[in-house]
Amino acid sequence: MAIDESQSPHHHIGGVDSHAESADYLAKRQLKGGTAGWLLLAGLGVSYVVSGDYSGWNFGLGHGGFGGLAIAAVVIAAMYLCLVLGMAELSSALPAAGGGYTFARRALGPWGGFATGTAILIEYSIAPAAIATFIGAYVESLNLFGITDGWWVYLVVYMIFIGIHLSGAGEALKVMFAITAIALVGLIIFAITAIGHFDVANLTDIAPNDAAGSSSFLPFGYIGIWAAIPFAIWFFLAIEGVPLAAEETANPERNVPRGIIAAISVLLVTCVTVLFLTTGAGGAGPMSESGNPLVEALGDSSMAKVVNYIGLAGLVASFFSIIYAYSRQLFALSRAGYLPTVLSVTNRRKAPTLALIVPGVIGFLLSLTGKGDLLLNMAVFGAASSYVLIMVSHIVLRRREPDMKRPYRTPGGVVTTGFALVVAVIAVIATFLVDVVAALCCLGVFALFMLYFAVYSRHKLVANSPDEEFAALAEAEDDLR
């Protein structure tokens, strides 16, 4: 729906002001269309997440023991499956680069849209910082180039991979797909080797404390299940970024749902494999503190070395692809005027330059803390908050716009997304159980973004940006009805 600038240059709806920008404004903010099919999107979905199999999830063993983390993982896997089925429907109906922000903007208005986009931006800006610290741990354990201090590893990986992204999406996605394939081969090699080291007694080698319900299976009691939830999320965190590639996908209405569902299918298998075999081979206690658990689970063997090198590929794959995700989310919010519009200007290769660089600088500075588990919890806070808003959006749109064109429909409808919504709320609360300071820091950043919107950018929205046009179309249809 094109907005006629001559007739309606300014709009004021619900306390928000928008204006139409020139064709030249949008021409400077164009992504390269039609570069990805469903298989590349499935690869992107796995790539976002695969580092979580190699490191991060295992810290949950220190909060819930094997039993607590296993139960949390079952609940979280079910939540993500329901979340993905809901997002598949939303992405088929609203294929734009804003992903979750686009869905919430249509369902919950500008405030809800910006809140969702902000939560996703917090998640995607912090997650690479956490992954950078894990890359540092893997590099140090390999004794590569005599490196013993991770900070300049973080700097190098940020510079290299932002540089590749600046060369264009098609090139970046193909490189990412190849690295992800290597990472999956690494998980297969690990699984075959770990079977020989597996001992059931290793699963329950953490001594129970005196918490309610504690046992060898649940050493930290029932509360341990809840505390393990943010770490179980690391098995799937960021898969919701697949719809962010919608504007760079051929036939997105069909390919985005197929890609995201294929990705979750692979990740469910890798989650079960890694959780059981790593803990069973290396022991819950030792693995709960490891920066590179898959390697340490295999001991001092030649296969451990192989998995260490390939594990680096897995971490790089997620680091690489989440940079793609944060740049597209920031691009969409900037193009629509929610954040400074200079952040969405694209280069001649159709890559958003400042949207790639600015969060990269922030992420690098956060990685200097070296606190991977703390950063992980902050990323989970942003993610779980966005899931709550995205699932509310699915339910609202099903109720309010039953006749909306939906090339893919969620099996189970609002019951499916309602389950994901309830678990996501529990997950948000769980991040406060793990680290109150980290969760409060994120809440503070979130509040600052919303304050910026309230005071300034809600008067500067761009009415003819794609995401705002989707919402304007819905409002016009409501008026007609």
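1. How closely do the axes of H5 and helix H14 come, and at roughly what angle do they cross? The axes of H5 and helix H14 (residues 372-400) come within 8 Å and cross at roughly 160°, where an axis is a line fitted to C-alpha atoms, for helices over the stretch in contact, and angles run from 0 to 180 degrees between N-to-C directions. H5 and H14 are therefore roughly antiparallel to each other, a term for angles over 145 degrees, while those under 35 count as roughly parallel, 65 to 115 as roughly perpendicular and the rest as oblique. By class, the contact of H5 with H14 has 24 nonpolar, 8 polar and 3 charged residues; Ala, Val, Leu, Ile, Met, Phe, Trp, Tyr, Cys and Pro count as nonpolar, Asp, Glu, Lys and Arg as charged, and the others, Gly among them, as polar.

2. A word on the basis of these values. This is a predicted model, in which local features need pLDDT of at least 70 and side-chain atom pairs count only at pLDDT 80 or more, whereas totals for chains, interfaces and linings use all residues. Residues are numbered from 1 along each chain as its sequence is written, and side-chain values use heavy atoms, with hydrogens and water left out. Helices are DSSP runs (H or I, at least four residues), numbered from the N terminus.

3. Helix H2 (residues 38-49) packs against helix H12 (residues 302-335) at an angle of about 110°, with their axes 7 Å apart, and H2 and H12 are therefore roughly perpendicular to each other. In this contact (heavy atoms within 4.5 Å), Leu-44, Ser-47, Tyr-48 and Val-49 in H2 meet residues of H12 including Ala-317, Ser-321 and Tyr-324. The contact of H2 with H12 has 7 nonpolar, 3 polar and no charged residues.

4. Helix H15 (residues 414-434) and H16 have axes 5 Å apart and pack at an angle of about 125°, which makes H15 oblique to H16. Here Thr-431, Phe-432 and Val-434 in H15 meet Val-436, Ala-439, Leu-440 and Leu-443 in H16, and the classes in this contact are 6 nonpolar, 1 polar and no charged residues.

5. Helix H5 (100-142), helix H13 (353-367) and helix H16 (436-455) each supply at least two residues of the lining of the largest pocket. That lining divides into 15 nonpolar, 1 polar and no charged residues.
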